[in-house]
Structure formats: structure tokens, C-alpha cells
Amino acid sequence: MICVKATDLIDVIKMKKIVGTLTADLTINAISQDSRAIQPGDLFICIEGTQVDGHRYVEKAAANGASLIVARKDIQAIAGDVPVVYVSDTGKAMSLLANRFYDYPSEAMQVIGVTGTNGKTTVTYLVEAILKGLHHKTGLMGTIEMHVGDEVIKTKNTTPDSITMQQSLRQMVDMETEYFTLELSSIALEMGRAWGLDVDVAIMTNLTHEHMEFHHTMEAYAESKKLIFSQLGNGRKNGRTKTAVLNADDETIHSYRIATAAEVISYSVEDETADFFAANISYSQTQTHFDLIVNGESYPVVTNLVGLYNVSNTLAALAAVYATGIALEDATKAVANLEGVAGRLEIVPGAQDIGVYVDFAHSPDAMEKVLSVVREFTKGRLISVFGGAGEREHEKRPIMARIGTELSDHVVLTTDDTGKEPQEQIIEMMIAGIEKDNYEYIENREEAILHAIAMAEPEDTVIILGRGHESDYNDKGTMRYLLDSEVAARAIAARNAKRSR
Ligand SMILES: CC(=O)N[C@H]1[C@@H](OP(=O)(O)OP(=O)(O)OC[C@H]2O[C@@H](n3ccc(=O)[nH]c3=O)[C@H](O)[C@@H]2O)O[C@H](CO)[C@@H](O)[C@@H]1O[C@H](C)C(=O)N[C@@H](C)C(=O)N[C@H](CCC(=O)O)C(=O)O
Ligand SMILES: Nc1ncnc2c1ncn2[C@@H]1O[C@H](COP(=O)(O)OP(=O)(O)OP(=O)(O)O)[C@@H](O)[C@H]1O
């Protein structure tokens, strides 16, 4: 069991004041942001969520036996005799405390963090597959799951809270994990979940319209992502980032170059002056081939991920592992180890005469990229099925509907995760963006998928967008969905049966 002296712990945070007496021999058994989990001898830290404010639960934490409380707002009236440390940002403070509590596990591994609007999950899986293929011990954290040793743990967030993160990193270090790759969402960076992390390589994939419900402006969104590149490395209170891997095909690269003091490796599928450049790109429905050009040397690469954007993702992963000291001769061969990523241009098998895919595209850029790729290898018609998510980013709905109808021959509009928003309102906004008449609307997602696959003719492709790997849960608990790939498999079986009659 970990037990840390309270004075050693708070030494790592920038405090404004302490109210109450902190005895020199006070030790802390656990730190938690949840009053319900507090036990005698624990430290409770108040986090302001978007739903509720953790400062409200101080009384409960004190009643449960908290020995120390960290807060931003004045909570003296409800803290009783428990000493309170005041800070200006409890999100950052929690991360620094968790780093210290678990004894800086990120310093004991090579850490590769991936940020950007699209491609984070894919790049982390590529990095993991390359390193595993070269027999290294790896850990991973992201939207789909967390890999700690051989354990696979489902995740709620793209980037978990800092206590969960540091606790898992400690477990990884204790298992002698050498490399750790994680997705860094802009929201997490802004909330300080990765504050103080010792990052060997930070990757920026791209920046397009997303998460405006949280950041409100593109400038604020871009700034949040810079936080991981601007870590200065002056001690454990700040964390540090040693190498920045930046996408030269994204126009934001210049601002990220300016923001970082780290060494930069650029990558590109267009600009041959980039440090990592992909030449002679070709792809089929199942594989992509290209030559990686670095310092005038050429390395052939074969990946099971399809399309130009996945060449970009592969370049990012290769540049990152190279920055940690892996030889490119080895890394490029290990790329083919990744069979695919769940819900990312995932082929639904079984269809004899048509192609069926499930993809997680839920932003205008992702949708444009993936439909353009599928368009290229589709001989017949391209039929897309998608809806719009509820409660957030109204402005992207008409844009996605327009892109979908422009790049597909036929669209079946349907329901996505509506949350508490009425579906009629979402679909109205989507239809407002459509300039063609190549669409129909089937509200029930399952029926929409069944219909699209039943209507497909030989050589057509059906692609179901938006939910990818996400299945039978909904954050708001208002509607349950099946896994798109399972519904599609059922539709394919029905189609095959009908055709064989
Ligand atoms: C709004 C928000 O950010 N909520 C996060 C928060 O959930 P929560 O339910 O604990 O927060 P809350 O209800 O607002 O409570 C605030 C505080 O009060 C405390 N509390 C609450 C009740 C109580 O009785 N006692 C108590 O102490 C809570 O423990 C918390 O510290 O803390 C949880 C654990 O860290 C997170 O999983 C959860 O993320 C939710 C699920 C979420 O959806 N967050 C989104 C905004 C998010 O972070 N998304 C990004 C980007 C995703 C992407 O790229 O697409 C991500 O990284 O996932
Ligand atoms: N480099 C890229 N550029 C543009 N679109 C991409 C790129 N890589 C993947 N995509 C698209 O984005 C979708 C999501 O990919 P991925 O899960 O790797 O990204 P992500 O950044 O983790 O997404 P999220 O933050 O939404 O979980 C894919 O299904 C694909 O449609």
C-alpha cells in the first residue's frame, strides 16, 4: 500500500494558503476527487465538473474521514477541523499530486502522447503494434480501452482523470512496461488531467472543427492542444515534452512549432521536404503501400490500414517510435502487425458481392476523408448511413449532411446518439445543409442499416458512419444502441440468404 507524507505531497503544488494545522507526521493513504470513495486518512480534492461542483461534497468527505482537503473556493465553513490547502487550479494540482503520490511513473517509461482532432486512437494502436511487434512491453490508454499488462480495461473517457492515469501508470511500471502510448484529448489537457506528465514524444495529427461546446472558439481549442507541446521541462511541477511530431500537411503546424521548445519532427504525404515523407502511395480495399523517405533513405511500408489519411497516421507513429530510438528498418516492418482498429474503416465480413464498412467519422473532416477514400475503390454506388449526435455542436450537422450527400451516391439519414435532444430537431438541421435529393430518412438506426445493405447492388459499398466501436450504451442513458457492425452482419446474412434463394 502506498502511503506518502502530506507535507511531501503538497510540496509539489503551488499553494495560495493553508488553513488549519498540517502536522509533520500526517500521512496520506489515497487521494480522491470523489467524496464517496474517501476513507479515513485520505486526501480529498475538489474538482469542478460541468455537472456538479466537487466543492459541494467537502462535508461528506470530512465525515468520511478525509485528513486533508485541496480546494479552490472557500470551504472553511464546511471543512470542520480538516486542514485545507487552497490552490488556483485544482485540476492541475490533482495531476501534480497524483504524479507525486504514485512516484512519477511516467519518468520510468517512454511516453508517447497523441493529440489532434482525428487519428488519435489509430496512431496509438499503430505505435503499440509496432513496439509489440519488436517485443517491447507496452501500455495504452484511449477512447476504446486501456491496456495494462495483459489486462484490457474499457474506458469512459479518451483521457482519464489524472488519479486513474497515474495509478495505472504505476501498475505499468511495476510490470516493467517500457513504452506507454496515450490519447490526449483537448478537454483533458484543458482540465489538467495530463499536467506534469513526462512526455518523450507528443504528436499533433491535425486540427479541425470539434468540441466547440467545450472550447467555444477554434483559437481556444488550438491553445488547449498546445499545452502538451509547451511543457518546459523545468522540474516535476511542469512536466516536459522532449520531441514534437507535427503534421506538415496541417496548416496549424507553424503555430505548434512556435509553441514548443521540443525538437520537432515533421511528417507529410505532400511535402517532400518534411522529415518523414511518404512517396509512391497506393492502396486497395485492404492494404496501403508506400515508401517512407527519411534523410534520403527509402523504407518500404505495408499497412492494413487503408487510405491517404492512414498514411499520415502511420507516418506519425513511425516518427514517434523513431524519436524513442527504434531503428526505422525494424519499425517499418512491424507496421503490418496492426490488423485494424475496431470501428475505424472496419470491414464487416461476409458480404459476397458488396463492401460493407463501419467507421467512427463524426466530424466534417473525418467524414470527408473517409468517404473520399472509399469512393476511390468503389466500382458501384457508395451508400452511406449516418445521423448527427445530440446536444452538441449544432453547426457541424448541416456540414456533415452536405459532405455525406456530395460524396455518396445515396444517403440513409438516421439517428445517432441523441442524448436528451429531440431527434426531429437534429435531423431538421442536417437536412437544411443538403443540396441534393439523393437521400432518405429512416429514424431507427437498425432499420436504416438493414435497408442500406438490402438495397445495395453488386459492387456497391455501404458505409455506416458515426458510432464506430461504440455500442449499447449512451452517456445520457436515454437510448440504447446495438453495435453497428453486429447489425450490419445480420443484414449481410439476410441479404446473402435472399440472394441464394
Ligand atoms: C463533465 C465531466 O468532465 N465529467 C467527468 C467527471 O465526471 P463526474 O461525474 O465525476 O463529474 P461531476 O459529476 O461533474 O462531478 C464533479 C466532481 O464532484 C465529485 N463528486 C460528485 C458527486 C459526489 O457525491 N461526490 C463527489 O465528490 C466528482 O467525483 C467530481 O470530482 O469525472 C469523470 C472521471 O474523471 C469523467 O469520466 C467525467 O467525464 C465525462 C464522462 C465526460 O463525458 N467528459 C467529457 C467532457 C470528456 O472529458 N471528453 C474528453 C474528450 C472526448 C473526445 O475526444 O471525444 C475525454 O477525454 O473523454
Ligand atoms: N489522420 C486523420 N485525418 C482525418 N480523419 C481521420 C484521420 N484518422 C482517422 N480519421 C477519421 O476519424 C475517425 C476517428 O479516428 P480515430 O478514432 O483514430 O480518431 P480520434 O482522434 O481518436 O477520434 P475521437 O477523438 O473522436 O475519439 C476515423 O474513423 C476516420 O473516419
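Reply: Starting from one strand pair

Strand E5 (residues 43–45) and strand E6 (residues 68–71) run parallel and share three bridges. Calling them a pair takes at least two bridges found by DSSP; strands are DSSP E runs of at least two residues, helices are H or I runs of at least four, and both are numbered from the N terminus. Within this pairing, Phe44 faces Ile69 of E6.

Some housekeeping before going on. Residue numbers start from 1 along each chain as its sequence is written, while chains are lettered from A and ligands numbered from 1 in the order in which they are written. The model is predicted, so to speak of a local feature takes pLDDT of at least 70 and side-chain atom pairs count only at pLDDT 80 or more, although totals for chains, interfaces and linings use all residues.

Back to E5 and E6. They belong to an open sheet of five strands, ordered E2-E7-E6-E5-E4, with mixed pairing. Strand E2 (17–19) and E4 are the edges; each has a single partner strand, so one side of each has no neighbour in the sheet. Across E4, E5 and E6 lies helix H4, running at about 150 degrees to E5. (Contact here means C-beta atoms, placed from the backbone, within 7 Å; angles go from 0 to 180 degrees between N-to-C directions, along lines fitted to C-alpha atoms, for helices over the stretch in contact.)

Which domains does the chain hold? The assignment gives domain 1 (4–101), domain 2 (105–337) and domain 3 (346–499), with bounds from an automatic or database domain assignment. Taken over C-alpha atoms, the centres of domain 1 and domain 2 are 33 Å apart. Where the two touch, domain 1 supplies 13 residues and domain 2 supplies twelve. On the domain 1 side, strand E4 (31–32) and helix H4 (90–101) are the elements that give two or more residues. H4 has the largest share of that side, with eight residues. Sorted by class, the domain 1 side holds six nonpolar, five polar and two charged residues. (Nonpolar covers Ala, Val, Leu, Ile, Met, Phe, Trp, Tyr, Cys and Pro; charged covers Asp, Glu, Lys and Arg; the others, Gly among them, are polar.)

Strand E8 (residues 110–115) and strand E12 (residues 179–183) run parallel and are joined by five bridges, with Ile112 opposite Thr181 in E12.

E16 (residues 276–283) and E17 (residues 288–294) are antiparallel, with five bridges, and their hairpin has four residues between the strands. E17 and E18 are antiparallel too, over seven bridges; their hairpin has two residues between the strands, and Asn295 in the turn has a positive phi of about 50 degrees.

H5 turns up again at ligand 2. That ligand has 22 residues around it, with Gly119, Lys120, Thr121, Thr122 and Ala361 the closest. H5, helix H11 (308–323) and helix H13 (364–377) are the elements giving two or more residues to the shell, and H13 gives the most, four. Domain 2 and domain 3 both give residues to the shell, so ligand 2 lies between them.

Key: Near = placed C-beta within 6 Å.
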